[in-house]
Amino acid sequence: MSTILIVDDEKGIRDGLATAVARVGHRAVTAPSLAEARARLLEAGAGTFDCALVDIRLKDGSGLDLLRELQAGRHRDLPVIMATAYDDSERTIEAMRDGAFDYLTKPFDLPRLMATVERAVKQRRASETTIEASAESPPLVGRSAAMHAVWKRIGRSAGSDAPVLVKGEGGAGKKLVARAIHDYSRRASAPLTNVRVDASTDLPELRAALAAAPSGGTLLIDGAGDLPPAVQSHLGSWVAEEHPVRVIALARLAHGAAEVPLLPELYYQLAVIEISVPPLRERRSDIPLLVSRALSGTRARAISEEAMAALVRHDWPGNVRELFLCIRRAAEMCRGEVIDADDLPPELAMPGLASEPADPYLGLPLREALARLERDLLSAALRRADGNRTVAARLLGIPRPQLYTKLEEHGLSERKPGSAGGKAPG
Ligand SMILES: Nc1ncnc2c1ncn2[C@@H]1O[C@H](COP(=O)(O)OP(=O)(O)OP(=O)(O)O)[C@@H](O)[C@H]1O
């Protein structure tokens, strides 16, 4: 039996967690505040607790402070799982950097939480150096599970000096990730030097750039995958040697590709830590947050539901950069303070037009063409949502009952997602 320390100021959550922990055969010790948690830890021996589950926002302070105290003291081997009700990239990164075992958001997915507790109990992790907090918070936005995984890797990388390879499609946010690693590392007050390389970079140029890297800081090599093979090979040998600078390399993936175009001898030197920044189409739940970020600084204040649905269903081949540009342009186009669907480029507002020739609609009376377009959109949304109607309604930006009515109207209610299509009802 293991003993789990649960620190949360909501009684319902404390009791619920204690019951869940007891159900899998562990003993729970609960504390409603930081002060009580400190008291429990003070009276306990170093091996008393096997895992701690700590809420980040407590009435009498931050759970992160407790995490740091634990890491610095005799309980430094205690795996700490941090929890918060907020989507908060900054604190996720801080928590992971400062040695949290894992980080979970509320409301808890109980099976996942218990699996994490089990992992923590089994695998007491080694202590990590506590690093002074960096004053600068990264401008990274995201609430998807995929981005949470990225925050965690940033946090882990920030606590290490090993080379990092950040890969992802163009505009996905690789440079921002690299900056966050630097800002949260103990090198934060030293310079972050950006060296942009490409297919035309030759050996003398690369040598000069590497020789100019200031010691103590971080060297960002942007475009490592585009270098000619002989130059990649030289870079690989250089990274293998000791240098007073930390290397972070960025490699751009072609649209839809998973592999980085790097020679193995360079790849294995760089990818000691590898971070993959997912394309925006694989984390559509981040789009609304990114849109609010993009709106700040423009004269638009908000975005209509219809326009947001169009943004969420677009595939964004240019990723976050393309989304930001699109919002800035739409903000210029819009008449009032709210961006509407017709302020967006036509291929976003009417996706059928972009992916299919206009012929199926041309030549039809307008009412019939619109009905056909609506049917095509419903089919496409169902296909993209794998038949899940709640998701399809969200993609289309309409309430679920309205989706049911429309599916009924178009004779699509009984169809499987893959088979929807064909002619509009006459
Ligand atoms: N998670 C994010 N939160 C806020 N802004 C983001 C995020 N990801 C990307 N951006 C913004 O999107 C733009 C592109 O990001 P960045 O330059 O880091 O991409 P990249 O992957 O390095 O692109 P490329 O390979 O084309 O150079 C920048 O304006 C950046 O600020």
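Here are some worked exercises on the structure above.

**Before you start**

Residues are numbered from 1 along each chain as its sequence is written. The model is predicted, with local features needing pLDDT of at least 70, side-chain atom pairs counting only at pLDDT 80 or more, and totals for chains, interfaces and linings using all residues.

**Exercise 1. Find out how many helices and strands the chain has, and what share of its residues is buried.**

Step 1: Count the elements. Helices (H or I, at least four residues) and strands (E, at least two) are DSSP runs, numbered from the N terminus.

Step 2: Look at burial. Of the 426 residues in the chain, 37% are buried. Buried stands for 20 or more other C-beta atoms within 10 Å of a residue's own, exposed for 12 or fewer, and partly exposed for in between, with C-beta atoms placed from the backbone.

Step 3: Turn to contacts, which are pairs of residues whose C-beta atoms, placed from the backbone, lie within 7 Å. Among contacts in the chain with a separation of 6 or more, 76% are between residues 24 or more positions apart.

**Exercise 2. Work out the strand order in the open sheet that has β9 and β12 at its edges.**

Step 1: Trace the five strands. Their order is β9-β10-β11-β8-β12, and the pairing is parallel. Two strands pair if DSSP finds at least two bridges between them.

Step 2: Check the edges. β9 (192-196) and β12 (273-277) each have a single partner strand, so one side of each has no neighbour in the sheet. From one strand to the next, the twist averages 20°; axes are lines fitted to C-alpha atoms, for helices over the stretch in contact, and angles run from 0 to 180 degrees between N-to-C directions.

Step 3: Go through the pairs. β9 and β10 (residues 218-222) run parallel and are joined by five bridges, with threonine 193 opposite leucine 219 and asparagine 194 opposite leucine 220. β10 also pairs with β11 over five bridges, and there threonine 218 faces arginine 246. β8 and β11 share six bridges, with valine 164 opposite isoleucine 248.

Step 4: See what's covered. Four of the five residues of β10 are buried, so the rest of the structure largely encloses that strand. In β11, seven of the eight residues are buried.

**Exercise 3. Describe the open sheet that contains β1 and β3.**

Step 1: Read off the order, which is β2-β1-β3-β6-β7, with parallel pairing.

Step 2: Pick out the edges. They are β2 (27-31) and β7 (102-105), and each has a single partner strand, so one side of each is left without a neighbour in the sheet. The twist here averages 20° from one strand to the next.

Step 3: Zoom in on one pair. β1 (residues 3-7) and β3 (residues 51-55) run parallel, joined by four bridges. Isoleucine 4 stands opposite cysteine 51 in that pair.

**Exercise 4. Which residues of helix α11 are buried, and what do they pack against?**

Step 1: List them. In α11 (residues 287-295), the buried ones are Ile287, Leu290, Val291, Ala294 and Leu295.

Step 2: Ask where they point. They cover an arc of only 140° around the axis, which puts them on the same side of α11; the arc is that of the directions from the helix axis to the C-beta atoms.

Step 3: Find their partners. They pack against β13 (302-303), α12 (305-313) and α13 (319-333).

Step 4: Look past the helix. Glycine 297 follows α11 and has a positive phi, near 95°.

**Exercise 5. Which residues come nearest to the ligand, and which classes make up its shell?**

Step 1: Locate the elements. Those giving two or more residues to the shell are α7 (174-184), β11 (246-253) and α13.

Step 2: Sort by class. The shell has eight nonpolar, five polar and five charged residues. Ala, Val, Leu, Ile, Met, Phe, Trp, Tyr, Cys and Pro count as nonpolar, Asp, Glu, Lys and Arg as charged, and the others, Gly among them, as polar.

Definitions and conventions. Two residues are in contact if their C-beta atoms, placed from the backbone, lie within 7 Å.
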